[in-house]
Amino acid sequence: MEQWVFTREEVLSAPSIVHDGLSVAQEQRTRANSCSFIQAIGCQLGLPQNTVATAMVYFHRFYMRYCFSDYTSDYIAGTCVYLACKVEESSRKVSDVATACVMNRYRQLRSSEEKQKVHHTLRSAILWHERLLLETLCFDLTVDHPHQLILEFAKELHAPDNVIQGAYGFANDTLRRPLCLIYDPQMIAAACVLLGYRLLSVDIPTGSETIWGKTLHQQADLLAEIIGDVLAVYSEPGVSVRWE
């Protein structure tokens, strides 16, 4: 797990920035667009959000080892979904994943012949890249997400449902950026719960006798930093605060 924890400076010096000459904004925009693609594939396939989240984490980790110019991001995105489906026990056929890719990325294709050709290319690419992805991830496939930790905080705090829903929305949106490479899932969860309370203008519990209270008091500066990074997601075009 430690091999997938990076400093902010390391993330801002990702291979595509150092070797391809992308600006930080360009690199993070590419990540965000690919994560939106992964989310669309997941919706098309009816996948649990946990599986989609795992696929996004795989994607972020992969491109800490390679440049976007090394391997086509659409192929890697599809492969991340296919592998995450296996790992999270929500298995889908590779042909179904390829179909979802075509439907969400290549809608402009009109003839069935063109779509079939692209589908075949994507299916072959996903199968070919699967081994590469496994090796790049060092077969370290277990991912801890903030979502379960949000539920644990919520139970401890007796948080209202709308606060939990808001926190979940924030946790999902954080995946558009590589925050999972920098911060511990528990701290991301705490930041999302805080934002859930703030968004709904509900008083935030501050008792120091709980895990929540200790996190709030002992990690105040780190939480403020994470909240800033989470809110920065909403500066991207087409992204707004939502609960769905």
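**Entry 1: the chain as a whole**

I began with burial and noted that 50% of the 244 residues of the chain count as buried, where buried means under 20% relative accessible area, exposed over 50% and partly exposed in between, with a 1.4 Å probe and protein chains only. I am reading a predicted model, in which local features need pLDDT of at least 70, side-chain atom pairs count only at pLDDT 80 or more, and totals for chains, interfaces and linings use all residues. Residues are numbered from 1 along each chain as its sequence is written, and side-chain values use heavy atoms, with hydrogens and water left out.

I then looked up the secondary structure and found 12 helices and zero strands in the chain, helices being DSSP runs of H or I of at least four residues and strands runs of E of at least two, numbered from the N terminus.

For the overall dimensions, I noted that the C-alpha trace spans about 60 × 35 × 35 Å along its principal axes.

**Entry 2: helices α3 and α4**

I looked next at α3 (residues 24–45) and α4 (residues 49–62), which pack at an angle of about 150° with their axes 10 Å apart; the axes are lines fitted to C-alpha atoms over the stretch in contact, and angles run from 0 to 180 degrees between N-to-C directions. That angle makes α3 roughly antiparallel to α4, a term used for angles over 145 degrees.

On the α3 side the contact is made by Arg31, Ser34, Cys35, Ile38, Gln39 and Gly42, and on the α4 side by Gln49, Val52, Ala55, Met56, Phe59 and His60.

**Entry 3: two single residues**

I picked out Gln26, which is found in helix α3 and counts as partly exposed because its relative accessibility is 36%. Gln26 and Ser16 are 10 residues apart in sequence, and their C-alpha atoms are 9.4 Å apart in space.

I then turned to Asp74, which lies in helix α5 (residues 73–87) and is buried, with a relative accessible area of 11%. Leaving out residues up to four places away in sequence, I found that Asp74 touches Phe37, Arg105 and Tyr106.

Methods:
Angles under 35 degrees count as roughly parallel, over 145 as roughly antiparallel, 65 to 115 as roughly perpendicular and the rest as oblique. Contact means heavy atoms within 4.5 Å.
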